[in-house]
Every structure is written in structure tokens, then in C-alpha cells.
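The sequence and the coordinates are shown first.

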Amino acid sequence: MTTSEANAATLPLPNAPTVSATTSTATPSTQPAAQPTAQPTAVACLRNVTFRHGTRTVLDNLDVTIHDGEWVAIMGSNGSGKTTLSRLLSGLTAPDNGSVQLMGLDCFTPVSGVNLDAYRAARRNIGLVQQNPEDQIVTTVVEDDVAFGPENQGLPAHTISERVHDALARTGMEGEALSDPDDLSGGQQQRVAIAGTLALHPRMLVLDEPTAMLDPQGRAETLRTMKMAHDHGTTIVQVTHIASEARLASRVIELDNGSIIYDGPAEGCNLCKPAAAQVSVPPSDAAPASKQSTDTTPGLPAGPSAQPAMPSTSASCDDSSCDDASQRGIVFAVKNVSFRYPNADAFTLRNIDFTVTQGEFVTITGSNGSGKSTLLSLLSGINKPTQGTVRAWGCDPHSRKGKRQLLGRIGYVMQMPERQLFETTVAQDVAFGPTNLGLNSVSVNQRVHDTLETVGISKLADRSPWELSGGQKRLAAIAGVLSMDPDVLLLDEPTAGLDARACHRIIGLLDGLHRRGVTIVVVTHDPDRFRTVATRTFHLDTASSGSAGNISDTDLSQTNVQSEHKQHKQQQHGKRRRNAHRLVSRMDTRVLEIVCTIMMAGMFTVTSPLQLAWAFIGVLTAMCLTDAGARRIMASCKSLFAIILVLGLFNVFFVRTGSAICHIGTIPITDEGLRNAVLYSLRFALVIVIGATAVSAASTTRLTDATESLLSPLARIGVPIHECALIMTLAIRFLPIISREFTQLAHAQASRGGNISTGSPSKRLKAAVSLLVPVFALALRHAEHMGTAMESRGYESGIVRTHWHQSHPGAADLCACIGVALWLAGLIAIPQLW
């Protein structure tokens with residue numbers, strides 16, 4: 001039994017009513033016939049439902065009925081239609097054919113089609129927790145996000161407070177009430193998303209793999225929360241791959257290729273049996289690394305030899321970033337490393353010391369927020385330690401030369417796979433790395449074919465990565481890294497969201513690579529899955545002290561690496577929000593929006609360097625007068641600056657006025673073109689910073705409420721102010737997300753040979769431009785999911801929302817208005833005076 005099963009198995013089974021399946025292959029009951037009883041009310045009823053995505057049929061002629069008080073688990077392989085079914089049950093997607101009845105309302109019928117009013121009414125009693133928590137957190141403060149749903153329900157402020165505090169306590173997140181969700185780990189974000197849904201007090205709760213990214217403790221707490229809600233009468237519909245979680249349900253629905261192949265009690269479902277979830281490699285196949293078997297993994301390139309030669313200092317470490325040759329045989333050497341994110345109050349990792357030698361298979365465990373993903377980012381060279389050193393084969397992976405020398409040797413699979421998929425099709429994405437290695441087209445095609453075959457996703461080769469399920473995206477991301485044939489593999493939760501068969505395939509694949517001599521480091525919440533293949537386990541402790549852990553070199557030992565708990569960081573952030581009251585952060589949000597809009601408009605009057613300098617002084621002053629401070633605001637925008645720079649450079653090529661400085665081919669580069677490129681780029685950058693300043697000074701919810709209030713007079717003439725406020729909310733929320741997506745994609749691209757920081761200027765420009773499409777595609781996809789999340793939490797056009805927090809204009813607003821008036825007057829006067 002795996003760790004996840006052991007934790008889930010401690011929970012008692014819910015006492016939900018037994019319901020006969022609508023479509024069932026379950027074994028008939030052998031119990032004596034019971035006396036006729038009243039049939040429980042159906043909260044969801046799907047009849048002959050078919051759903052298509054383009055030309056592909058996702059769900060085929062389904063019949064499903066969910067009764068009041070049930071706990072239903074939906075299982076099936078990756079891509080079988082589980083998420084689509086959950087969206088149909090939650091009222092967020094309509095089918096192509098069939099009929100849908102939710103909460104007793106006919107939402108979709110073959111004759112009348114979609115009934116929007118019925119869908120809206122039904123959704124008020126249905127809560128949804130999606131796969132990716134980032135897609136459903138709508139504000140920049142945890143407690144404000146949890147309050148978002150009750151505000152949409154029009155509840156009074158004191159009731160909202162009670163629901164917020166209760167939901168955060170039930171999910172163990174009360175200590176993070178004032179935190180920024182972007183500062184939390186993936187597991188912590190998932191618990192915030194669940195809290196936001198529980199605050200709605202839904203009649204039916206639909207959860208799409210809610211525990212996939214949680215540690216054992218968080219998983220157990222989430223399941224207890226679900227059981228408490230079920231005991232209070234809430235109907236639970238849970239999508240899961242974990243057998244022990246499914247056994248908590250009173251009923252299991254198993255999907256295969258869009259069809260129901262089982263619908264009945266958990267004990268009759270093959271996927272619910274412990275053996276189905278126990279993923280391991282037989283001991284005879286898991287040869288220890290010390291034996292250095294020369295076996296190869298079928299379908300993949302030959303890879304490193306049994307005893308791969310280690311790079312010497314003179315051969316591959318020819319700069320000052322490299323240690324001496326005494327490091328030979330050590331892949332990673334981490335010495336006294338501490339790491340703190342920019343503008344954070346506490347260290348995420350502190351005083352870390354350990355080594356990973358050639359041929360090891362290391363697992364890293366720890367609770368959510370303990371710094372596991374951060375540690376991998378340090379090993380991969382994405383982040384640089386605040387203190388101490390990290391070396392890979394004696395090279396500094398953070399230096400420019402080190403990155404070039406290590407290209408293709410370190411493969412990194414991130415926690416969120418969609419952040420490293422950036423091509424049009426799966427096959428093209430897998431081919432990206434081998435192509436950058438300089439392989440010819442025949443070799444690239446062969447490597448793509450072999451890798452897809454080995455990972456088990458050959459049928460997805462021509463599909464767009466954006467059309468895949470969460471599990472399929474993870475497999476595609478793994479394939480893209482494996483196609484590089486790296487010497488070291490770093491994987492962050494590689495089995496999260498995968499079905500048992502896919503887990504078995506991935507672990508078997510990693511075991512085969514390990515026996516070939518590939519060094520593997522895996523972050524996981526479920527080390528039991530890797531027990532038969534791992535040689536060592538590091539555990540990141542979340543104790544608040546900063547002392548260093550002691551690392552043991554004993555095989556399969558449970559060693560400790562000390563980290564500073566992220567909760568301390570968030571509590572300090574919360575205290576800063578409560579106690580620091582700088583002028584801009586004290587402003588009435590409506591006045592703040594007006595002032596920032598005026599400043600943005602004023603930026604478009606800037607046409608000279610002196611005006612630009614005056615504008616910068618004003619914007620810098622505004623940033624310094626926020627609680628977040630200038631450094632934190634600038635850090636949130638830095639990746640957007642790269643996009644602005646690329647767009648600004650187009651002025652160089654399209655402006656023909658002025659004196660020619662040089663020519664690129666037949667295109668003249670003029671002094672006027674260069675001047676315009678710099679001016680427009682800096683001007684637009686300041687506009688972005690002004691927007692980021694507003695976001696840092698007030699939560700997204702408050703900004704949205706202020707927008708509605710300011711635009712409310714326009715409602716009398718038919719202007720959809722609610723929709724305008726919604727668009728603004730999405731735009732504000734995604735400023736930092738777009739920045740983060742760009743950074744993550746750039747890192748993923750660099751690890752596979754496409755780097756915006758190295759190479760010739762033309763190559764770097766090409767790499768940067770190639771990132772623009774996937775960044776905006778991800779932003780649009782996030783926006784779509786965010787809109788879905790807001791809709792599922794009661795946000796509708798024309799509703800009367802209550803506001804948990806009230807603000808009124810005061811002295812701070814008067815001072816800000818005077819300051820902006822003087823700043824704007826200076827912008828207008830400068831061209832007249834000079």
C-alpha cells in the first residue's frame with residue numbers, strides 16, 4: 001500500500017445511501033431484497049449525453065444519475081473523459097447531444113438546447129474544484145479569494161466573515177489568510193481553491209483530482225474536509241486516480257474512451273483494488289545503480305554507457321565557475337545553500353548540504369511549501385542560491401558558460417507540465433530538443449517516434465498539447481525531456497495526475513534509464529511508489545529553525561534536509577499587510593483606479609527624455625508609497641519587460657526617418673528609429689508598472705468592485721458594467737501570471753537548446769519571438785479557466801454583490817490627487833519650458 005493509500009485508508013467510509021446504477025456492470029447484490037423506500041432526489045441526471053471536441057468524441061452516449069447525499073468517485077485512464085464529465089455535472093459545459101438536468105432543472109434538452117437561466121440557477125448549488133488551482137484563484141489575497149463566492153451570493157458581511165474563517169480552518173489554511181496565493185506552493189493553492197468552494201455551502205461538490213498535488217498530510221486533511229461536508233449532507237463527486245480515495249465513495253463510475261464500463265459499489269471495481277494502485281517494479285528488475293547494468297530502455301536512444309566519463313576541469317569547465325577535478329564522480333554538490341525569493345521575508349531553504357553521485361536514484365520528499373520544487377530549480381540552474389554554491393559535474397549551472405557546457409545533460413520536468421509545452425503539436429514539441437542538438441531530420445523523427453512509443457502516447461503525436469488532459473500533458477512534457485537523452489533527470493511530481501498504468505510505465509521507464517547509468521532525482525509526495533527503484537531519499541523538514549540537516553549516504557536512508565517553513569514567510573507578509581499603511585495602500589480603491597488611469601493616460605504625452613525622467617520620478621514615488629514597495633512591484637513585471645523590449649525593437653526596422661546609422665541587409669537603421677524604440681519601450685514599461693502598482697495596493701476583488709461602482713451610471717444606458725469589471729479582473733490577475741509563464745517557458749526552452757540569453761543576437765531574438773505565441777496562448781487559456789471558475793462561484797451578469805470590505809475616501813486620497821495633479825502639470829509644462 002502506498003503512502004497515499006495508507007493516509008486515505010484511515011478515514012471511515014461515508015454512510016451515503018446505496019443507489020442502483022443507471023448504467024452498471026456491477027455484480028448483482030446478494031443481500032435480501034429490502035422494503036421499498038423513497039428514492040433519493042436526483043441532483044444531476046444525464047441522458048444519452050455525447051460531447052465532442054472538434055472531430056473527436058470525448059463522451060459517447062452516457063447515462064449518469066447522481067442522487068442527493070451520494071459520494072461518487074469517477075475513475076479511468078488519462079484522457080478517458082473524466083474532467084469533461086465533471087464539467088457537465090457542474091453545469092459549466094453543455095453537451096452536443098442528449099439531455100442534462102441539474103438540481104431538478106432542465107438545463108439542456110434535445111429540443112430546446114441550452115437553457116442559460118436553468119444553468120445559472122443550478123450552478124448556485126454546485127461547487128467545482130478544478131485540476132489546476134491557479135486557474136480558479138481570482139484575487140491576490142487568500143481570504144479575499146475565499147470571500148469571493150459568498151459576496152456573489154449577496155450575504156451580509158458578518159456571515160461572509162464566518163464562512164471565510166470556517167473554510168480556511170477546515171482546510172488548514174487559516175495561517176495563510178493574508179498571503180498572496182502566488183507565493184504559495186501548488187498544494188497550498190489547491191487547499192485555498194477548496195476553501196473557496198466550501199465557503200459557498202454547495203449542495204453538490206465536484207472535485208477534479210483535488211489531492212493530486214498534496215502531501216500525505218494535506219491529502220488526509222482534504223479527505224477529512226470532504227467527509228465532513230458529506231456528513232453534513234453535501235453530495236460529493238470526485239475525479240481521482242487513487243484507489244484508496246475511490247474506496248471512500250459509496251459508488252464508483254469507471255470511464256474508458258468516453259464510455260462507462262462500470263457503475264456500482266467500489267468493491268466491485270477493478271481500479272479500486274489495492275493491487276491496481278500499487279505501482280512498483282519487481283525487485284528482480286530493479287538492479288541497484290552500483291551494478292551499472294548496460295540494459296537499454298526499449299525505444300529510446302542508446303544513451304550514456306554503463307560507466308559514463310565525467311567531465312574534467314580542463315575539458316568542460318574552462319572558466320572560474322568550475323571546481324577542480326576532485327569533484328569527479330559527483331554529479332551535484334550542494335554546499336551551505338540557502339535560498340530566499342526576491343522580496344520574501346524568510347528563507348525557503350536554509351543551510352542545505354548534500355551530494356548526488358553518478359548513477360543514484362534519489363527521491364526528495366516533504367510537505368507542501370517545504371521547498372522541494374525550489375531545490376530542483378537550484379539543481380537545474382533556473383534559480384541561483386542566495387547563499388552557498390551548487391555545482392553540476394563541478395560546473396556552475398547558473399553561469400552563462402556553465403549553461404552552455406551542461407546543455408542537453410540535465411533534463412528537467414516541471415511540476416506544471418503545461419509550462420514546458422510550447423509547440424503546435426506533441427510531436428513537434430518532442431522534436432524541439434533533438435533539433436537544437438543538431439541532429440538531422442531522419443534522426444530527429446526516429447527519436448520522436450521512439451520516445452512517444454516508449455512513453456505510451458504515440459496516438460497523441462498530431463494532437464495539440466492544449467487539447468490534452470492534465471495527465472496526458474505530463475506525459476508529453478516527460479517525452480520532450482527524454483528525447484534529449486540527458487545524463488541526469490530532474491522530475492517534479494512526475495506521477496501526479498497519472499492513472500495506475502501510466503504510473504507503472506513511467507516508473508518502469510525511469511528504472512530502465514537508471515540501470516543504464518542515468519542519474520535521477522525525483523520530487524514526490526508518495527515515496528512508496530519509488531521504494532523499489534530509489535537508492536536514497538532526502539526529506540525536507542519544515543521546522544521553523546534554520547539549522548542544517550545531516551545527510552547520510554546510506555542507501556535507501558530517510559535523510560533530512562532542513563528548510564525554513566514558508567508559513568513564516570507568509571505570516572510576516574500578512575503582518576506587513578496589517579501594520580504597514582503607506583499612503584497608496586490606504587487609498588479608497590475607486591480613487592486609486594482614477595489616479596492610475598490618469599497616470600497611464602499621461603504617459604502617452606511623453607515624447608522627450610526629460611518628460612520620461614519626470615514620469616519615472618512620479619511612478620517611482622507611487623511604488624515607494626505602497627506596502628509592497630518598489631522592488632517587489634518591479635520584480636513582478638520583469639519578465640514583461642522582455643516582451644516590451646522585443647515589441648519596441650520593431651520600431652528600429654520600420655522607422656525610416658532620420659539619419660542612417662547602419663544597414664541590416666537592405667533595411668536602414670536610423671537614429672530616429674533607435675530613439676523611438678527606446679522611448680516607446682520605456683513609456684510602455686512605465687504603463688505596465690503603474691498597473692502593477694495598483695494591483696499591489698488593492699486586491700483584485702476590491703479593484704473589480706471599484707470598477708463596477710465607477711461605471712454604475714453607464715448601466716442606465718445598457719453598458720454591461722459587470723462584464724467590464726470581469727474583464728478587468730482577469731487582466732489584473734494575469735499580469736503576474738503572464739510574467740511567470742514567460743519565465744517558465746524561457747527556462748524550459750533553454751533546457752532544451754533554445755535560449756534567449758545565449759547565442760547570436762538573431763538567434764536570441766528568434767528564441768524570444770517564438771515564446772510570444774505560447775505565452776499568450778497560455779494566458780488566454782488561463783483566462784478561459786478563470787472565467788469558468790468565477791462563473792462556478794456565482795459571478796453572473798446583473799447580480800447584486802455584497803462587499804466584505806468597505807472603503808471610503810479620506811486624507812490619503814486627497815494627498816494622492818494633489819500629487820498626481822502636480823505630476824501631470826509637470827509633464828505638460830516640460831515641453832513648453834525646454
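Helices H15 and H16 cross in a left-handed sense. The model discussed here is predicted. H15 covers residues 470-482 and H16 covers residues 500-515, and their axes come within 12 Å at a crossing angle of roughly 15 degrees. An angle under 35 degrees counts as roughly parallel, so H15 is roughly parallel to H16. On the H15 side the contact is made by Leu475, Ile478 and Leu482, and on the H16 side by Ala502, Ile506, Leu509 and Leu513. By class, this contact has seven nonpolar residues, with no polar and no charged ones.

H19 spans residues 609-624 and H21 spans residues 671-697; their axes come within 10 Å and cross at roughly 20 degrees. That angle makes H19 roughly parallel to H21. H19 contributes Pro609, Leu612, Ala615, Phe616, Val619, Ala622 and Met623, while H21 contributes Arg675, Leu679, Leu682, Arg683, Leu686, Val689, Ile690 and Thr693. The residues of this contact divide into twelve nonpolar, one polar and two charged.

H13 passes H14 in a right-handed crossing. These helices, at residues 426-436 and 441-455, pack with their axes 9 Å apart and at an angle of about 125 degrees. H13 and H14 are therefore oblique to each other. From H13, Val426, Ala427, Val430, Ala431, Pro434 and Thr435 meet Val444, Arg447, Val448, Thr451 and Leu452 of H14. The contact of H13 with H14 has eight nonpolar, two polar and one charged residues.

| Helix pair | Axis distance | Angle |
|---|---|---|
| H15 and H16 | within 12 Å | roughly 15 degrees |
| H19 and H21 | within 10 Å | roughly 20 degrees |
| H13 and H14 | 9 Å | about 125 degrees |

An unreviewed UniProt entry places the feature "transmembrane region" at residues 642-666, 678-698 and 811-830. In the model, residues 678-698 are 95% helix and 0% strand, and the C-alpha atoms at the ends of this stretch are 31 Å apart. Residues 811-830 are 100% helix and 0% strand, with end C-alpha atoms 29 Å apart.

Aromatic pairing was also examined. Across the whole structure, a search finds three aromatic pairs. One of them joins phenylalanine 148 and tyrosine 795 in a stacked arrangement, with 5.9 Å from centre to centre and 10 degrees between the planes. The two residues are 647 residues apart and link distant parts of the chain: phenylalanine 148 is in helix H4 (residues 142-152), and tyrosine 795 is in the loop between helix H24 (761-792) and helix H25 (811-833).

Isoleucine 382 is found in the loop between helix H11 (372-380) and strand E15 (387-392). Which residues does isoleucine 382 contact, leaving aside its neighbours within four places in sequence? With those neighbours excluded, isoleucine 382 is in contact with Ser377, Tyr412, Met414 and His747. The C-alpha atom of isoleucine 382 is separated by 8.4 Å from that of proline 397, which is 15 residues away along the chain.

Definitions and conventions:
Residues numbered from 1 in each chain as written. Predicted model: local features only at pLDDT ≥ 70, side-chain atom pairs only at ≥ 80, totals over all residues. Heavy atoms only, no water. UniProt positions renumbered as here; feature names shortened; annotations may be inferred. Helix = DSSP H or I, 4+ residues; strand = E, 2+ residues; numbered from the N terminus. Axes fitted to C-alpha atoms, helices over the stretch in contact; angles between N-to-C directions. Parallel < 35°, antiparallel > 145°, perpendicular 65-115°, else oblique. Contact = heavy atoms within 4.5 Å. Nonpolar A, V, L, I, M, F, W, Y, C, P; charged D, E, K, R; others polar. Phe/Tyr/Trp six-rings, centres within 6.5 Å; stacked < 30°, edge-to-face > 60°. Left-handed = near helix turned anticlockwise from the far one by under 90°.
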